[in-house]
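Please look over the sequence and model first.

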Amino acid sequence: MTSDLQQRIITRVQDCMQLASAELAREFAQPLVRFNQGGRIAGSAWLERWELRFNPVLLADNEAEFMAEIVPHEVAHLVAFACYGKVKPHGREWQHIMQSVFKLTPRTRHRLDTTKVSPTFSYQCACRSHQLTLRRHNKILRAQQRYLCLHCNGVLKRQ
Ligand SMILES: [Zn+2]
Ligand SMILES: [Zn+2]
């Protein structure tokens, strides 16, 4: 089932493709658009598969950013692949498409709030609770690292 929001993204992908076709005077097939991107990644372009994947969790909270930048960013990867073959992902070909076709400043990283997709783990010392990243949490589990509270100097313990 495609939601209204997903349909708007698909339409935006099609519009971006048409814009690229017009600007570069060549035809591009419509890519397959899926909403199964996980982790903190907003979207990804699968060049040989001619497929775009978007993160449904981030999309739900950040439609404007997806419309303005993330969709053109991923479309530009496909267009760069079609025009130039295998080139550096954010190299000058991709940057050129971002600027000349989409009139956007090429940025490689999104600035979305990823708190919902990157879980944190609650720890406690004598004075307060702390939220640790998955990476730190795993280090503690593997007994590779202990973390001390900056305030009371106590060892952080799982809550
Ligand atoms: Zn990219
Ligand atoms: Zn403390």
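Predicted model: local features only at pLDDT ≥ 70, side-chain atom pairs only at ≥ 80, totals over all residues.

Residues are numbered from 1 along each chain as its sequence is written, while chains are lettered from A and ligands numbered from 1 in the order in which they are written.

**Confidence.** pLDDT is the predictor's confidence in each residue, from 0 to 100. Its mean over the chain is 92, and 100% of residues reach 70 or more.

**Layout.** The chain has 5 helices and 6 strands. Helices (H or I, at least four residues) and strands (E, at least two) are DSSP runs, numbered from the N terminus. Their order from the N terminus is α-β-β-β-α-α-α-β-β-α-β. The radius of gyration is 20 Å, well over the 15 Å of the globule rule for 159 residues, so the chain is more spread out than a compact globule. That radius is taken over C-alpha atoms, and the rule is 2.2 Å times the number of residues to the power 0.38. Along the principal axes, the C-alpha atoms fill a box of roughly 65 × 35 × 25 Å.

**Helix packing.** Axes are lines fitted to C-alpha atoms, for helices over the stretch in contact; angles run from 0 to 180 degrees between N-to-C directions.

| Pair | Axis distance | Angle |
|---|---|---|
| α1 (residues 4–24) and α3 | 9 Å | about 45° |
| α3 (residues 63–84) and α4 (residues 92–100) | within 9 Å | roughly 125° |

α3 and α4 are therefore oblique to each other. Their contact (C-beta atoms, placed from the backbone, within 7 Å) includes Pro 72, Ala 76 and Tyr 84 of α3 and Trp 94 and Ile 97 of α4. By class, this contact has 8 nonpolar, 1 polar and 1 charged residues.

α1 is oblique to α3. Leu 5, Ile 9 and Arg 12 of α1 are among the contact residues, as are Glu 63, Phe 66 and Pro 72 of α3. This contact has 14 nonpolar, no polar and 2 charged residues.

How values were computed:
Parallel < 35°, antiparallel > 145°, perpendicular 65-115°, else oblique. Contact = placed C-beta atoms within 7 Å. Nonpolar A, V, L, I, M, F, W, Y, C, P; charged D, E, K, R; others polar.
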